[in-house]
Amino acid sequence: MQAQSSLKEMDLECRGVTKTFGDFTAVEDISFAIPRGSFFSILGPSGCGKTTLLRMLAGFQSPDSGDILIKGRSVLNTPPNRRPVNMVFQHLALFPNMTVAENVAYGLKRRNVDKHEIKTRVADMLSRVGLPDAGGKQVSQLSGGQKQRIAIARCLVLNPDVLLLDEPLGALDLKLREQMKVELKQLQEKFAATFIYITHDQSEALVMSDQVAVMNHGRFEQVGTPQALYYEPATRFVAGFVGESNRWQASISARDERGFRLQTEAGLSMQADREIGDKSASQNDWGVGKSLELFLRPESISVAPGHQALGTENAYQGHVESVLFDGARSQLLVRIEGALDLLNVSLPQTAEFRSIRKGDSVSVGWSSAQVQCYEV
Amino acid sequence: MKNLFKTSTVVLATALAFSAPLNAETLRLLTWGGYAPQEVVDKFEKQTGIKVDVTKSNNEDMISKLRATRGSGFDLAQPSQDRITSAQTDFDIYKPMDLSKLDTDKFIPSMLEATKKNTAINGDVYGVPHVWGTSGLVVNRKAAKGVADYTDLCKTDLAGQVSYRLKRPTLIGFAFAMGEDPFAAYADTDKYAGILAKVEAKLIDCKSNVKAYWSGGDELLNLMRSGEVNAAMAWDAGGWKLNNENADITFVAPASGALGWIDTFVLPRKSKAEEAAYKWINFVMQPEVAAMITEAAGNFTASQGSDQFVNEKLKAQFNESFPPKDIDNIKWYPPVPPGLEEMEGKVLDRVKAAQS
Amino acid sequence: MSAVTGLSFRDSGKLGLLLLISPLLLWLSLFILLPHVDLVMISLRERVAAREYAFSWSNYTAFFTEPLYWRTFMRTAVMSILATALTLLIAFPVAFYIAKMVRGRFKALLFVLCLIPFWVSELVRTYGWMILLRETGIFSGLLQWLGWVDQPVEMLYNDVAIMVGLVYTSMLFMVVPLVTTLEGLDDSLIEAAYDLGGSHFRVIWDVVIPHAMPGIVSGCIVVFMLTLGNYLTPTLLGGKDSLWFTEQIYTQFITRFNWEQGSAFGMLLLILSSFIVWAGLKLSRQSFTRVMT
């Protein structure tokens, strides 16, 4: 990954980790390294192997091959209770028979830390996560967000080298989840701890992470900053999985030095630049008739009411099929004349669009540099 | 346990109460194992059309069952002759016999007279004799030499090879073997208590010799068969049965005298098939039928002349175990006065609880 | 008018309820309440002469003044507690294995294995143990065949044999509630404790046992009561020194014809065993309603 960071600064490193269950390969030859203090997310659909990978990091499963190093030392033979790694479980797994303070103190007690020290460290940790008075409470008295913070506090009080988080926000309702995203990121920065966060929710990964690995079928498709993933998806899977896109099946009808002329199956013709999208194949080899899948972000589309010249390489006329109003995320569904499918267009937050209605005619267009092309 | 006991008593009583009127021509017989063999039951049913329901039991169980139902549920019972008057006095569970309905000439006269005497209350006779036998010693003569009396069971060389019951016959037998006469002391409670105290000490002392206290006949037979026990206090019939399998084992009449018992016929107070009961008694007292019962039970009956129908082997075994002088030496149980059994019970409890 | 109809409606509702619970009430009163009342009545009288009885506490005082009875009860209670503890000790790993380590068909198979001994009567099961343990039995023969002993060994007729029989008989009644509660334990709690540095022992002690406590307590109550009330196993396997309180009750009822003393013992067994269960609940800080639901 980051070639400039030396091994010593890496909190965690995986080398060629593979894990199979019978015929099923859950994790296949994964290698990565995470620098100290970063927030690293593993994003992927359910069943992609991310939980298995996390459990191997925690020590609950051991890889069939490959090595896991923490601070440069292999931990393959270290059981979970002695790994300098702690885990926040999906359903948090707070001990219901203990108070909040006892939960936080549990790991310290198991390390035979002095009683007074435990007390001060627990109190300190509780106030750092913003729940200074919760110590005497029963776990069942806490709200969802508070439980979340206690579950993290319980791990952080042990100063782990790496904190693993297994979709801990999954059980929360939407509003709380939005709030917790921010809170988690702040906590991570405050403690300067290394977080590995797995999720199937791209928004969680994008908002919080320094680095995101997109995982599919046991492999990393792409590792990079959220911006890189969003704007330069390396593979068709990443382009489809991260963020929203208009998607077309298309084939090359003509090519020149700048790019390709593409014809979609739905009857749309457009121009696309070279070297945008697919990084795995040499686009120079693509000839006329090659089948591709095209991705276009809704916010990359320019739109104007009525008939206007937009000045983009690709420009079309159409009419509004429906208005999906959702504040800042509002979208228009536009039917382009002569094309079969609807185009998803971000609604600009300007006065001229405030009164746009179904059936209004619009001009839409996008630059040839915005069309991401991938081999099928 | 207590729930089970009470509930089952209630259920049993209810079931019996409901089932009884349905089969009027059924004789419900409460008896010992072997006293009503299937062939005899079939023969009886063929001859009279009366069905026989046989419930196998023992002395204490018979009394308890009849006590729980206040004398109902059965039409004919067969307790030992010495256990009748006390149970009748305390619990009123029997009714007097009408001897005119019995073929009294089929009984051995001396035995009938003795039983009549022992089971009479205020001139009413409650029992007539059926099967008689003795209890004494069953010994593996090869493995346990020189066992001639009950007290010999306590010899150190027999440690761990001995078995007897924790029941009153054991107390009586040991008392005789220790030179006492418990039957003579029946009427004198203090004297009897003194004898019991001596027996108790002896039995506690002897406990280390005991392999296990047996409670069922089959249990003892198995212990003797396997060789785990080589000398025991037991019934003569069991000894002869083992003798058939292993010639080394046989019944030995103890030097101080075998204890003679007679099992009788009595009518429960609420007997519903009295006529059938008399028919059954008259039927089984026929010499040929009595011999069939002897074959099954291993014990002789009070039926006059049935000996000639009994197989020679059993007679030979009897004669070997009982030379004439030993027959005269048999100690027949007199009726137990009320109250003695409670004293005996406490002794038995203490023996059981003592550490060997 | 409306008030009247309302009333009659409510009455018919009450009647319906009454009809609905009448079988239960009948059952309770006929088979549980009445026999116990009868038992109390019988226990409070004393035979003065033939067919004559008088009110007396003597049957109860006999229990406390005659050391034999008191000792027998204490022995029964201590042995039962020991048997319960042993059953728990053996059943816990078994239950944990069934609840947490295996899945699907194998799990069902293991459950059935626990159940199989209960397809035959207790008597047969006990005779089975007798065949195994007796001097001429299978274990003794096996040990001789292996050359570990040079003469037959008697393993029957002692307290260990009683204990083996009791634990064997009680196993299922401990395993079932334990499996049920352990199945409700979230695996991630175990993993969390382990992840936070707990040793195997600490994880079991801190997480598994507190969670399984209601199952442990209800299993213990059932096993304790069953053991205390057992009759066949201690008498058959225990031999000459086996003293069991139920045997004492049986003897009083059946061989001594002393229903008065037997009833008193029955009541005492009920009261004392209830007291022990109560004390156990207090010690483990569990409530009866929580444990039994």
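Biologist: What makes the contact of Glu293(A) and Arg236(A) a salt bridge?

Modeller: The closest N and O atoms of Glu293(A) and Arg236(A) are 2.6 Å apart. A salt bridge is a side-chain nitrogen of Lys or Arg within 4 Å of a carboxyl oxygen of Asp or Glu, so the label applies. This is a predicted model: local features need pLDDT of at least 70, side-chain atom pairs count only at pLDDT 80 or more, and totals for chains, interfaces and linings use all residues. Residues are numbered from 1 along each chain as its sequence is written, chains are lettered from A and ligands numbered from 1 in the order in which they are written, and side-chain values use heavy atoms, with hydrogens and water left out.

Biologist: How many salt bridges does the rule find across the interface of domain 1 and domain 2 of chain A?

Modeller: One salt bridge is found there. Domain 1 of chain A spans 2-239 and domain 2 spans 245-376; such bounds come from an automatic or database domain assignment.

Biologist: How do you know that domain 1 and domain 2 of chain A are in contact?

Modeller: Contact means heavy atoms within 4.5 Å. By that rule, nine residues of domain 1 of chain A are in contact with 13 residues of domain 2.

Biologist: What about chain A and chain C?

Modeller: Their contact takes 24 residues from chain A and 17 residues from chain C. The buried area is about 1600 Å², with 59% on carbon and sulfur atoms. Two salt bridges cross this interface. Glu191(C) and Arg55(A) form a salt bridge, with their closest N and O atoms 2.5 Å apart.

Biologist: Why is Glu204(A) called buried?

Modeller: Buried means under 20% relative accessible area, exposed over 50%, partly exposed in between (1.4 Å probe, protein chains only). Glu204(A) is at 3% relative accessibility, so it counts as buried. Arg177(A), at 18%, counts as buried too.

Biologist: What makes Arg177(A) and Glu204(A) a salt bridge?

Modeller: Their side chains meet at 4.0 Å, N to O. Arg177(A) lies in helix H5 (residues 174-191) and Glu204(A) in helix H6 (residues 202-208) of chain A, so the pair ties together parts that are 27 residues apart in sequence. Helices (H or I, at least four residues) and strands (E, at least two) are DSSP runs, numbered from the N terminus.

Biologist: Is Glu117(A) buried or partly exposed?

Modeller: Glu117(A) has a relative accessible area of 36%, so it is partly exposed. Arg121(A) is partly exposed at 24%. These two form a salt bridge, the closest N and O atoms being 3.2 Å apart. They are four residues apart in helix H3 (residues 115-128) of chain A, so about one helical turn separates them.

Biologist: Which parts of chain C does the salt bridge of Arg45(C) and Glu260(C) tie together?

Modeller: In this salt bridge the closest N and O atoms are 3.0 Å apart. Arg45(C) lies in strand E1 (residues 45-49) and Glu260(C) in helix H12 (residues 259-283) of chain C, so the pair ties together parts that are 215 residues apart in sequence. Arg45(C) counts as partly exposed, at 24%, whereas Glu260(C) is buried, at 5%.

Terms used: Buried area is the accessible area (1.4 Å probe) that two parts lose on being put together, summed over both.
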